[in-house]
Number of protein chains: 2
Amino acid sequence: MSRSKKAKAGPPEFRRSPCPVTSTLDIFGDKWTLIVVRDLLLGKRLYREFSESPEGIPTNILADRLKRLEAEGIVTREPYQQRPLRYAYQLTEKGEDLLAVLAEIARWANHYIPGTAKPPAVLVQRLAKVRKRRGW
Amino acid sequence: MSRSKKAKAGPPEFRRSPCPVTSTLDIFGDKWTLIVVRDLLLGKRLYREFSESPEGIPTNILADRLKRLEAEGIVTREPYQQRPLRYAYQLTEKGEDLLAVLAEIARWANHYIPGTAKPPAVLVQRLAKVRKRRGW
């Protein structure tokens, strides 16, 4: 694409297709990213807290996923300690709104995968707020 | 675990954790599986039809994902041609009910990823049926 065309900001370019499912999988299509989002929804903010989750996310994958989530505007980070420098992470509105997606996944899993845990009440309560904010 | 314990069918064993999100990612946590489910929801049934989707799923990945979806009870297949033997695939009820998950993903993507396509009307109409069947 020529430079002048780029400057015009033409139609968005998609990695694979404009399908909303495909575009979402280009961000979350792996075994770990939505687990980090789940932890953030549960109020975890620190690297150490994510690492301690029962799934045992490998450190290099955690670092990569947090970086990608930040690049996608789904999390922000700010320093909470200077020496050594450490960051606390939290969801943006775009990230918070994934709660509705995770809730639907949980509903499907609770129905079809025997023994899966119910989502914590705190998330169920927050879902109503997300739905209200979205106005959908 | 001892054989007698297995025979008693104790609590279900999870690959990583009983979290419903994690358990679902153990099935769908990749860039392709939900695209095949999307195609099935759109009425595609044949290997060739899945291959022709704009994302261009590689043949070996398609074969693997269909096999895994069948093992998970999400699709069934039956022969539609004998020489050479070819199968047609369709979603089970467990698979059909993923429509609600895909709908929520599409809603999030349409809101936050500029230019993503709206889901076809036929799927929006079917969603009401899925929700009714689930009784949720």
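Helix α7 (residues 99-112) of chain A packs against helix α7 (residues 99-112) of chain B at an angle of about 175°, and their axes are 9 Å apart. Because an angle over 145 degrees counts as roughly antiparallel, α7(A) is roughly antiparallel to α7(B). The model is a predicted one. In it, 41 residues of chain B are in contact with 41 residues of chain A.

**The α7(A)–α7(B) contact**

- From α7(A), the residues A:A100, A:V101, A:E104, A:I105 and A:W108 take part, and they meet B:A100, B:V101, B:E104, B:I105 and B:W108 in α7(B).
- By class, the residues of this contact comprise 8 nonpolar, no polar and 2 charged.

**The α2(A)–α3(B) contact**

- Helices α2(A) and α3(B) pack with their axes 9 Å apart, at an angle of about 170°.
- This angle makes α2(A) roughly antiparallel to α3(B).
- The residues A:V21, A:T22 and A:L25 in α2(A) meet B:L34, B:I35 and B:R38 in α3(B).
- The contact of α2(A) with α3(B) divides into 4 nonpolar residues, 1 polar and 1 charged.

**The side of chain B that touches chain A**

- In total, 41 residues of chain B are in contact with 41 residues of chain A.
- Two or more residues on this side of chain B come from each of α2 (20-28), α3 (33-41) and α7 of chain B.
- Helix α7(B) provides the largest share, 11 residues.
- The side of chain B that touches chain A has 24 nonpolar, 8 polar and 9 charged residues.

**The largest nonpolar core**

- The largest nonpolar core has 56 residues, and A:L102 and B:L102 are those with the most contacts inside it.
- Elements of both chains give two or more residues to this core: α2 (20-28), α3 (33-41), α5 (59-71) and α7 of chain A, together with α2, α3, α5 (59-71) and α7 of chain B.
- Residues up to four places away in sequence aside, A:L102 touches A:L34, A:V37, A:R38 and A:L41, as well as B:V21 from the other chain.

**Relation between the two copies**

- Chain B is superposed on chain A by a rotation of 180° with 0.0 Å of shift along its axis, at an RMSD of 0.0 Å.
- The two copies are therefore related as by a two-fold rotation axis.
- In chain B, the C-alpha of B:D30 is the nearest to the axis, 2.2 Å from it.
- Both copies use the same surface, as 100% of the contact residues of chain B recur in chain A.

Key: Residues are numbered from 1 along each chain as its sequence is written. Chains are lettered from A and ligands numbered from 1 in the order in which they are written. This is a predicted model: local features need pLDDT of at least 70, side-chain atom pairs count only at pLDDT 80 or more; totals for chains, interfaces and linings use all residues. Axes are lines fitted to C-alpha atoms, for helices over the stretch in contact, and angles run from 0 to 180 degrees between N-to-C directions. Helices (H or I, at least four residues) and strands (E, at least two) are DSSP runs, numbered from the N terminus. Angles under 35 degrees count as roughly parallel, over 145 as roughly antiparallel, 65 to 115 as roughly perpendicular and the rest as oblique. Two residues are in contact if their C-beta atoms, placed from the backbone, lie within 7 Å. Ala, Val, Leu, Ile, Met, Phe, Trp, Tyr, Cys and Pro count as nonpolar, Asp, Glu, Lys and Arg as charged, and the others, Gly among them, as polar. A nonpolar core is a set of buried Ala, Val, Leu, Ile, Met, Phe, Trp, Tyr and Cys residues joined through C-beta atoms within 7 Å. A residue is buried if 20 or more other C-beta atoms lie within 10 Å of its own, exposed if 12 or fewer, and partly exposed in between; C-beta atoms are placed from the backbone. Copies are superposed by least squares on the C-alpha atoms of residues with pLDDT of at least 70 in both.
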